[in-house]
Amino acid sequence: MEETRQQLRDPPDMLDLLNHVGAKAPHKCKDIGLQLKISQGELDSICTPNISSASNYYAKIFAYWKSQMRTEYSWSALISILECPAVGCSDLADVLRTKYYKVIASEPSLPELMNDVAAQVPHKWKDIAQQLRTTYAEVEAICPTSFGEINSHYTQIFTIWKSRKSCEYTWRYLISVLRAPAVGCNDIAENLEAILAAPVTSCSQASRYNQM
């Protein structure tokens, strides 16, 4: 488990970068370079006209990224860049996430959901419920009467989600829900990915749940 959580934070291998990014998005090298905080002038200098292929462009860009380290040299950072509007390669990001980040396909526990989602966005429970395919009638039946009851409503929503299996009960699906325009919690989605990618020890897990 610790090994799979760490994989997204590991430095990428150049051959993997070329095979899994360069070959899949040959026309996006400059867009990706800019998001790696390489300036346009630097890109023009790196990607000279005598370079004959996208693969060679990518090799130079990725080598520059690794040497300068203006952005974290990791799969996690690259996946975030692929998903940004300026690059627009969300499908490729999903493929890479699945390949390098097996934990994201695991089922969340209720304490984790309450700590990492409910506590962070208490006012978004209805939006999240609808994206989890909870029916309108079900949402209205658990309409909160006070802020203090939000945890109870989240508990019911997450329980319905898990028991019904009307949609995938995984961290991956929940993160996609948080990123949906109707929810608009990209920062929480990114934080969840960072939590899941971090190495886990018994002490860190204990401190995480002691905060609840």
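**Close-up 1. Cys89, a buried cysteine in a predicted model.** Cys89 has 11% relative accessibility, so it counts as buried (under 20% relative accessible area; exposed is over 50%, partly exposed in between, with a 1.4 Å probe and protein chains only). Cys29, at 9% relative accessibility, is buried as well. Cys89 is in no disulfide, and the nearest cysteine sulfur, at 8.8 Å, belongs to Cys84. Searching the whole structure turns up zero disulfides (pairs of cysteine sulfur atoms within 2.5 Å).

**Close-up 2. Leu78 in helix α6.** Leu78 counts as buried, at 0% relative accessibility. Leaving aside residues up to four places away in sequence, Leu78 touches Leu17, Val21, Ile32 and Trp65 (heavy atoms within 4.5 Å). Val21 and Leu78 are 57 residues apart in sequence, with their C-alpha atoms 9.4 Å apart in space.

**Close-up 3. Charged residues in the lining of the largest pocket.** By class, the lining has six charged residues (Asp, Glu, Lys and Arg), besides three nonpolar and two polar ones. Helix α12 gives the most to this lining, with five residues.

**Reading the views.** This is a predicted model: local features need pLDDT of at least 70 and side-chain atom pairs pLDDT 80 or more, while totals for chains, interfaces and linings use all residues. Residues are numbered from 1 along each chain as its sequence is written, and side-chain values use heavy atoms, leaving out hydrogens and water.

Notes:
Helices (H or I, at least four residues) and strands (E, at least two) are DSSP runs, numbered from the N terminus.
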